[in-house]
Amino acid sequence: MSGEGKPPRPPRARRSAGDKLRTALMVLSEHQGQVITHTEKAWASITFAGTRHSVSLLFAGEDAVCAGERFIAALPEHEFAIPGQLVADAGIVEVEHRLSPSPRLVLQCDLLLLEDA
């Protein structure tokens, strides 16, 4: 008679590749960046399938801008550990720096994730 009287547990929401990618980007940004946009589009070649992601991050404040600059330097060679996915390509496509009225950095990065079979 175990479990009697207990309501059934709701199923856990599965985290998508995009969710896992955003988490990995937050770790790389030292939790100083804020995702302001994220688009995802299916991608396939003859031998691979995956998704192309475009993510914009905001780094606000002096410490966050410094973390953003480290993010820019690290992203292209970073070894991501995203279960079920391989990051085949990652790069910065746009950067906007502003000092006034307070330090701010906005960047856009594009990443190609391939399904790891």
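Predicted model: local features only at pLDDT ≥ 70, side-chain atom pairs only at ≥ 80, totals over all residues.
Of the 117 residues in the chain, 32% are buried. Among contacts with a separation of 6 or more, 58% are between residues 24 or more positions apart.

Strand β3, which covers residues 85-98, pairs with strand β4, residues 104-115. The pairing is antiparallel and extends over 12 bridges. One of the bridges links H97 to L105, the latter in β4. In a regular strand, side chains alternate between the two faces of the sheet.

L114 also belongs to strand β4. With a relative accessibility of 10%, L114 falls under the 20% limit and is therefore classed as buried. Leaving aside residues up to four places away in sequence, L114 is in contact with W43, F48, A49, G50, G84, Q85, L86 and A88. The C-alpha atoms of L114 and D89 are separated by 9.4 Å in space, while the two residues stand 25 residues apart in sequence.

A pair of aromatic rings is described by the distance of the centres and the angle of the planes. The model has 1 aromatic pair within the 6.5 Å limit on ring centres. The pair is formed by F59 and F71, with ring centres 6.1 Å apart. The planes of the two rings meet at 50°, between the limits of 30 and 60 degrees, so the arrangement is tilted. F59 is located in strand β2 (residues 49-60) and F71 in helix α2 (residues 62-74), so the pair ties together parts that lie 12 residues apart in sequence. F59 has a relative accessibility of 0% and is therefore counted as buried. F71 likewise counts as buried, because its relative accessibility is 0%.

Rolling a probe the size of a water molecule over the atoms shows where empty space is left. The largest pocket holds about 190 Å³ of space. It is lined by 14 residues, of which H78, E79, F80, V87 and A88 are the closest to the pocket centre. By residue class, the lining of the largest pocket comprises 9 nonpolar, 2 polar and 3 charged residues. A88, one of the residues closest to the centre of this pocket, is also among the residues that L114 touches.

Conventions: Residues numbered from 1 in each chain as written. Heavy atoms only, no water. Pairing = 2+ DSSP bridges. Helix = DSSP H or I, 4+ residues; strand = E, 2+ residues; numbered from the N terminus. Phe/Tyr/Trp six-rings, centres within 6.5 Å; stacked < 30°, edge-to-face > 60°. Buried < 20%, exposed > 50% of the residue type's maximum accessible area, 1.4 Å probe, protein only. 1 Å grid on protein atoms, 1.4 Å probe; cavity = no way out; pocket = protein on both sides within 12 Å on 5 of 7 lines; lining within 4 Å. Points joined across faces, edges and corners; volume = space filled by probe spheres on them. Nonpolar A, V, L, I, M, F, W, Y, C, P; charged D, E, K, R; others polar. Contact = heavy atoms within 4.5 Å.
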